Structure formats: structure tokens, C-alpha cells
Amino acid sequence: MSKKILVVDDDPDFVEAMRLTLEPNGYQVISAANGDEGLAKVKTEQPDLVILDVIMSSVLDGLQMSQRMQENPQHKRIPILMVTSIANTDYAALFPTDEYISIDGFLSKPVAPDVLLKRIGELLQR
Amino acid sequence: MTEQLSGFSHPSLKERTDQLIEFRWLFIVGALIVISIGNLLFPDSLPMPVLLVIAATLAIVNGLLFLYARRLALSKAEDQESKYLRFAHLQITLDIIVLTVLLHFTGGIENPFYLLYIVYVTVASILLSRLYSFLYAALSTMLFSGFVIAEYLQWLPHVHLAGFVSPQRYQRGLYVVVVLFVLGFTLFFCAYLISSIAEILRRREKELLEANLSCEIRAGELAKLNARLAELDKARSQFIRLVTHELRAPVAAIQSYLRLILDGYVPPEKQREIIEKSERRALEQLALISDLLELARLQDRRAEAEPELVDVAEVLRGVTDLMQARAEDKDLLFSVQIEPNVPSVRATPEHIKQLWTNLISNAIKYTEPGGIVVVSLSQNPNYVVGTVRDTGIGMTPEQMSHLFEEFYRTEEAKAMERQGTGLGLAIVKRIVESYGGRIWVESEKGKGSKFSFALPKAV
């Protein structure tokens with residue numbers, strides 16, 4: 001059975017790029033444009049992995065979604081791969097990832113397809 | 001009097017009245033020494049017991065003055081300053097009287113120590129106002145003249161310093177008159193000179209105090225300014241963060257697409273679609289960059305051409321020609337109502353063009369086909385007023401409060417029109433405000449919006 005990946009991003013081109021990368025490699029891709037929609041899809045679709053954009057309509061949207069997922073024991077085990085267009089280390093300080101949200105990977109946009117597939121493979125094997 | 005002395009803080013007055021007491025101790029010691037020497041030089045001339053009683057009395061009085069000064073220093077009375085002033089008057093008057101009495105008993109006009117009056121007039125001139133300097137000069141002259149003339153007329157006994165001056169001298173009326181006149185003249189001149197200098201010093205002192213005060217006020221203003229700058233700096237960092245994000249996003253999307261094509265993830269039949277999407281993002285990026293440049297230009301007014309007289313109606317007609325076509329494409333009812341004789345405004349023509357373009361194209365963009373867009377131009381006594389009304393998606397009050405912020409776009413606007421930099425209204429606001437105008441919006445979600453701006457008429 002193919003693994004299901006939820007891509008949460010308000011940039012449809014990014015979602016499209018993820019789809020183009022993942023679908024030929026046997027993953028099923030579903031998408032959401034914001035945190036609320038993403039949480040709803042987590043519940044209904046039970047994805048195996050979530051790719052989450054940090055900055056969507058508001059800076060905290062992606063972070064809030066990951067926190068909400070942690071609060072739910074059912075969704076806690078779903079690995080989260082964070083993707084962001086923020087690369088500068090100054091801004092990374094804005095996201096105290098270790099302290100209160102547990103995410104499993106952090107990638108910077110644009111993401112090279114082979115890097116992405118490798119990280120997803122690793123996360124799904126755990 | 002009080003007014004003239006208002007620049008005087010009591011610390012200096014206190015210091016000086018205390019000094020008067022100290023000097024008086026020295027004066028008493030000095031007087032005793034001088035009297036002793038005088039007694040040796042002019043045996044049997046001086047009435048020693050009287051002089052000693054005077055010196056002792058002065059010492060006792062000075063002790064009392066010292067105690068009073070200490071009490072005064074400890075008291076926290078509101079009128080402390082006027083108390084110190086009265087104290088200074090008391091001491092100077094006392095000193096002049098004591099000197100006069102001493103002079104009377106030590107040779108009168110024969111005793112050259114009458115020059116000491118100059119010292120007291122000087123002290124009075126430094127401590128007190130000019131009026132009082134002259135009063136003390138007059139008092140000194142009067143007291144000295146009084147007893148010298150009384151002695152001359154033999155109303156008072158004269159103490160003759162045997163062998164010091166010939167009796168002919170002090171018994172000559174002309175000599176007495178000249179000495180008294182010269183002393184009086186010297187005292188008045190001294191009072192005039194010293195009080196002039198003292199007044200200048202007092203004024204300086206006052207100015208210094210005021211300068212200090214205004215420095216403190218300025219320091220407070222600077223602190224406020226600093227806080228405001230820190231706030232602005234924070235806003236600027238936030239803005240840069242947003243700009244960075246907005247600039248990276250399209251490039252990242254384009255790069256992802258290109259990489260996918262290069263790495264063979266995109267099937268040939270889909271490649272054209274992906275390249276077209278990439279191009280759209282590139283165009284979006286270009287639009288964003290030119291908007292950002294526009295914003296920066298608006299901020300730096302120096303780089304701009306001098307504002308000229310702009311006919312807002314004419315600019316509007318030029319813009320509507322372009323917009324008409326777009327509205328028709330979208331099947332919108334588009335109407336323009338221009339009041340006749342609307343006066344010009346002082347501005348850069350490109351800015352007015354951009355103002356109309358941004359507002360009208362927004363109205364067209366966010367109104368569903370079949371809707372209405374009405375543009376109007378009118379005037380009120382001081383302003384030229386433009387409005388752009390639509391029956392588009394509208395906004396909630398919460399959304400309206402963020403509307404003019406850079407990069408702000410409502411979710412509904414994004415859903416309806418993907419492309420958009422979120423800078424158009426920020427630019428519009430900056431244009432209007434840079435010419436001293438105002439822009440506002442009325443809107444109801446789902447019903448439509450009405451943007452209005454008012455620009456000051458050119459005088």
C-alpha cells in the first residue's frame with residue numbers, strides 16, 4: 001500500500017512541485033493550503049507523514065499546526081518535515097524547534113528532489 | 001527686590017551669610033590687635049574699657065548670630081530664602097553700625113580705618129540688589145558724616161590721636177567736607193560697580209540653571225525619540241523579514257520546477273505547463289520588485305522631481321481608457337463620474353496615475369463578473385475627492401484594519417486572485433499621505449468596498 005503524504009503550504013506551485021517529485025516515487029499526495037485545513041486533513045486522511053510550511057498566512061500557522069498535532073496522541077507519531085523559505089540563521093532563532101515543538105526534519109526551500117526523497121524515506125522507515 | 005533676586009538660590013546666599021559670621025570673628029581679633037597697637041602708639045588717647053566692651057559685645061552678638069545661622073540651616077521653612085535675605089540685611093547693618101561706633105571711639109576722621117566702609121558696601125552689593133547697595137552706601141556715608149560733623153560741631157566728644165594728625169586738620173571744615181564727600185562718592189561708585197558685576201553674574205547663574213533645565217527636558221525628549229526609533233527599527237526588521245520571504249518564495253518555486261524538469265521528474269507532455277507556471281512566478285517576482293522599488297522611491301522624496309500642477313480628472317480619463325477594457329473582459333458594469341471644474345493638485349503625475357490605477361484595478365480584480373465598479377471625482381472646499389466603489393468581495397472590519405499594511409492580502413483576495421504583491425494599497429496610502437492627503441475605506445464583507453481619498457487642492 002502506498003504511503004500517504006500531506007503537503008501543507010499556501011503556495012500551490014510548491015504543492016505541485018512536491019506532487020511531481022513524490023507521485024512518480026509511489027507516494028500518494030494530498031494537500032492543504034493552511035493550518036486549519038491541514039489539521040482537518042490529518043484527522044480525515046490519516047497521513048503517514050506531513051510536509052509543513054512554516055510561514056503560511058501567518059508566521060505561526062505552521063508551528064501552531066505542529067503543536068496541535070503533538071497534543072493529539074493519535075497524531076503525535078506522524079512524522080513532520082518542516083519546510084521553509086527562511087534560510088537565514090537569524091530567523092531560525094524564531095523557531096525554537098527543540099523546545100516546544102518536535103519536528104523530525106527541517107528543510108529549506110527550494111528543496112532538491114533527491115534530498116527530499118531521501119529524508120522522507122528515512123522518516124517513514126522509523 | 002525678590003524678583004531681582006529670584007535667580008539666587010539659597011545655597012549661595014547661605015554660604016555668604018555664614019562667611020560674614022566667620023569674617024566677623026577675624027574682624028574682632030583684628031580690631032583687638034589694632035586697638036592694642038593703637039594704645040601703644042597713642043598712649044592715653046583711646047578709651048580702652050569702652051573699646052573692649054564693644055569688642056566683647058560684638059563677640060557675644062556674633063555667637064548668637066552663629067547659633068541663629070545653624071537653626072536657619074536646619075529649618076525647612078518655605079520662606080527660607082527671604083529669611084536668609086533678612087539675615088544678610090541684619091548682619092550688614094550691624095557691621096556698619098559697629099564700625100561707626102568703633103571709629104567714633106578711635107579718632108573719628110583721624111582714623112583711616114573708615115575705608116572699611118568700602119568692604120561692607122562691597123559685601124552688600126554682592127549679596128543684595130543694586131537698590132540695597134546704594135542704600136548701604138548711603139547709610140555708611142550718613143552714619144560716618146553724622147558723627148564726624150557732630151564731633152566737628154563739638155556736639156560729641158572727639159577722641160584725638162595725639163601725634164598722629166595735627167588737630168588743625170580735623171578741625172578744618174573744608175577738610176572734613178572733602179573727606180566726607182570723597183568717602184560718599186567712593187562708596188556710591190563702589191556700590192554701582194560691584195552691583196553691576198554681581199547682576200551680570202546672577203544673570204549668568206540664572207541662565208545656567210535654565211540651560212540645565214532645558215538640557216534635562218531635551219534628554220527626556222531624546223529618550224522618547226529613541227524609543228520611537230527602536231519601534232521603527234523593529235517595524236523595519238519585520239518588513240525586511242517579510243520582503244525576504246516574499247522574494248524567496250517565487251524564486252524557490254521556479255527553481256523547484258526547473259530542477260524537476262532537469263532531473264526528469266516531469267513527463268514531456270507536462271513540461272510546457274510547468275514552464276508556464278514558472279514564467280508566471282517570474283512575472284510575479286518582477287511585479288513585486290517594481291512595487292518594492294516604488295515604495296522605496298516614495299519613501300525617499302529627495303530623489304523625486306518637483307511636484308507640479310496635476311489635473312486629477314485628466315489623469316483619471318487616461319487610466320479609465322485602459323481599465324474599461326479589463327472591466328469589459330470581466331463583464332463588469334464600469335462607470336466614471338467626473339464633476340466639472342475639479343481643480344488641480346500639486347503632485348507628481350505618475351503618482352496620481354498609479355493611485356487611480358491601483359484602486360481601480362483592485363476593484364476590477366476583486367469583483368465577480370456581472371458586478372459594478374463606479375469611479376467618481378468631486379471636490380469639497382479644501383480637497384479634491386476621488387472614490388472607487390465596487391460590489392466585490394468586501395472585507396470584515398478586522399481585515400480593513402490591516403488593509404494598508406505591506407504584503408497584507410485577505411484570504412478571500414488570495415483565493416480569488418493568486419497574483420498580487422500585497423503592496424498596491426501600501427503604495428497608494430504612501431502616495432496620498434506624502435501629498436498631505438488622506439485615504440479611507442468603507443466595506444462590508446460580501447457586499448463590496450468603497451475606497452476614498454482626499455488630496456489638498458493646489459493653492
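This is a predicted model: local features need pLDDT of at least 70, side-chain atom pairs count only at pLDDT 80 or more; totals for chains, interfaces and linings use all residues.
**Interface between the chains**

The size of an interface is often given as the accessible area lost when the parts come together. Here the area buried between chain A and chain B is about 2,000 Å², and carbon and sulfur atoms contribute 58% of that area. The contact involves 23 residues of chain A and 24 residues of chain B. The counts between the two chains are given below.

| Interaction between chain A and chain B | Count |
|---|---|
| Salt bridges | four salt bridges |
| Polar contacts (both residues at pLDDT 80 or more) | five residue pairs |

One of the salt bridges joins the side chains of A:Asp11 and B:Arg281, with an N to O distance of 2.6 Å. On the side of chain A that touches chain B, the elements giving two or more residues are helix H1 (12-22) and helix H7 (113-125) of chain A. The most is given by H1(A), with six residues. Classified by residue type, this side of chain A has 12 nonpolar, six charged and five polar residues.

**Strands E4 and E5 of chain A**

Strand E4 (residues 80-84) of chain A runs parallel to E5(A), and four bridges join the two strands. Within this pairing, A:Leu81 has A:Gly105 of E5(A) as its bridge partner. Side chains alternate along strand E5 (residues 105-108) of chain A.

Methods. Residues are numbered from 1 along each chain as its sequence is written. Chains are lettered from A and ligands numbered from 1 in the order in which they are written. Side-chain values use heavy atoms; hydrogens and water are left out. Contact means heavy atoms within 4.5 Å. Buried area is the accessible area (1.4 Å probe) that two parts lose on being put together, summed over both. A polar contact is a pair of N or O atoms within 3.5 Å; within protein, one must be able to donate a hydrogen and the other to accept it, and residues adjacent in sequence count only if both atoms are side-chain atoms. Ala, Val, Leu, Ile, Met, Phe, Trp, Tyr, Cys and Pro count as nonpolar, Asp, Glu, Lys and Arg as charged, and the others, Gly among them, as polar. Buried means under 20% relative accessible area, exposed over 50%, partly exposed in between (1.4 Å probe, protein chains only). Two strands pair if DSSP finds at least two bridges between them.
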